Amino acid sequence: MAEVMANVEVAPNIFRLKAAGEFAGRMGQFYMVRAWDKYPLLSRPLSIFDRDGAGIEFLYQVTGEGTTLLSNLQPGDELQLEGPFGNGFPELEDAGSIALVGGGIGIAPLYYALRRYRSPDVYLGFSQEAYLTEQFEAATTGKVVVDVGGIVLEQVDFQAYDTIIACGPEPMLKAVQRKKLESHSTAEVYVSLENRMACGIGACLVCSVKCQDKRRKACTDGPVFLAEEVVFE
Ligand SMILES: Cc1cc2nc3c(=O)[nH]c(=O)nc-3n(C[C@H](O)[C@H](O)[C@H](O)COP(=O)(O)OP(=O)(O)OC[C@H]3O[C@@H](n4cnc5c(N)ncnc54)[C@H](O)[C@@H]3O)c2cc1C
Ligand code: FES
């Protein structure tokens with residue numbers, strides 16, 4: 001059990017939750033989170049937004065039952081965290097130029113990555129209202145491009161980067177894959193999937209992802225895959 005330190009609404013239906021304690025985790029990994037006893041049955045996967053000596057942070061959007069329960073948490077309440085799970089973003093020692101591309105709440109795992117990669121450029125796309133952009137700007141010396149209401153991917157030049165990492169809704173990730181193929185870019189392009197999950201540890205197959213060679217599990221083989229590996233259905 002972890003204790004909630006803060007749970008603040010940073011934009012309509014978007015909350016930033018911090019839990020106290022020492023938690024492991026690399027960029028792009030996630031935790032299975034719950035703040036309830038028996039119902040709903042399943043914990044909910046949330047990416048690591050940030051981590052420091054005092055605790056771990058998540059950035060989440062209220063979309064249903066589980067996240068509504070999380071949004072009611074107050075400092076001092078208890079939270080159950082299991083993890084870290086998943087492969088995470090690639091550790092790139094000499095990655096050259098990097099672009100991180102986030103759509104909507106898909107920006108959540110990118111902030112922690114800013115602190116590992118050297119000066120990546122960041123592209124943040126929002127459908128209605130931008131949030132936390134100043135914090136992203138403060139965390140990188142690369143450029144931060146913010147798009148509200150448009151298609152942020154249109155601003156990413158796939159020839160300009162050695163590595164591109166994208167996280168967001170599936171239509172955006174499909175477009176990332178298409179752009180990689182059509183631009184004949186030599187960049188390594190990764191997508192972080194947000195398939196529905198049940199166990200988070202590779203035991204239930206709920207998160208199955210069709211890949212070019214075989215089906216894989218988003219929770220243990222992913223959630224981060226090379227864009228050309230995934231067969232979007
Ligand atoms: C590896 C991973 C990391 C994630 N990281 C984050 C994060 O950092 N922040 C965040 O806000 N969300 C994240 N998500 C998505 C988050 O887990 C879901 O939004 C959450 O489980 C919904 O729970 P709920 O009980 O509130 O909604 P439910 O009542 O279960 O569902 C409400 C609605 O949301 C849809 N939905 C539920 N789960 C997903 C999903 N995984 N993808 C798309 N639609 C879904 C349902 O179809 C339904 O329409 C992540 C998902 C994965 C797999
Ligand atoms: S969530 Fe159970 S196998 Fe991936």
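**Ligand site and cores**

A nitrogen atom of ligand 1 sits 2.9 Å from a side-chain N or O atom of serine 47. That is a polar contact, meaning a pair of N or O atoms within 3.5 Å. Before going on: this is a predicted model, where local features need pLDDT of at least 70 and side-chain atom pairs count only at pLDDT 80 or more, while totals for chains, interfaces and linings use all residues. Residues are numbered from 1 along each chain as its sequence is written, chains are lettered from A and ligands numbered from 1 in the order written, and side-chain values use heavy atoms, with hydrogens and water left out.

Back to the ligand. An oxygen atom of ligand 1 is 2.8 Å from a backbone N or O atom of glutamine 61. At glycine 66, a polar backbone atom lies 2.6 Å from an oxygen atom of ligand 1. Taken alone, ligand 1 exposes 880 Å², and the protein buries 76% of that (Shrake-Rupley areas, 1.4 Å probe).

Around ligand 1 there are 19 residues, of which Arg44, Pro45, Gly66, Thr67 and Arg196 come nearest (near means a heavy atom within 4 Å). Strand E4 (44–47) gives the most to this shell, with four residues.

The largest nonpolar core has 46 residues, and Leu59, Leu79, Leu81, Tyr131 and Phe136 touch the most other members. Such a core is a set of buried Ala, Val, Leu, Ile, Met, Phe, Trp, Tyr and Cys residues joined through side-chain atoms within 4.5 Å, buried being under 20% relative accessible area with a 1.4 Å probe, protein chains only. Helix H2 (110–114) gives the most to this core, with five residues.

Note on methods:
Buried means under 20% relative accessible area, exposed over 50%, partly exposed in between (1.4 Å probe, protein chains only). Helices (H or I, at least four residues) and strands (E, at least two) are DSSP runs, numbered from the N terminus. A polar contact is a pair of N or O atoms within 3.5 Å; within protein, one must be able to donate a hydrogen and the other to accept it, and residues adjacent in sequence count only if both atoms are side-chain atoms.
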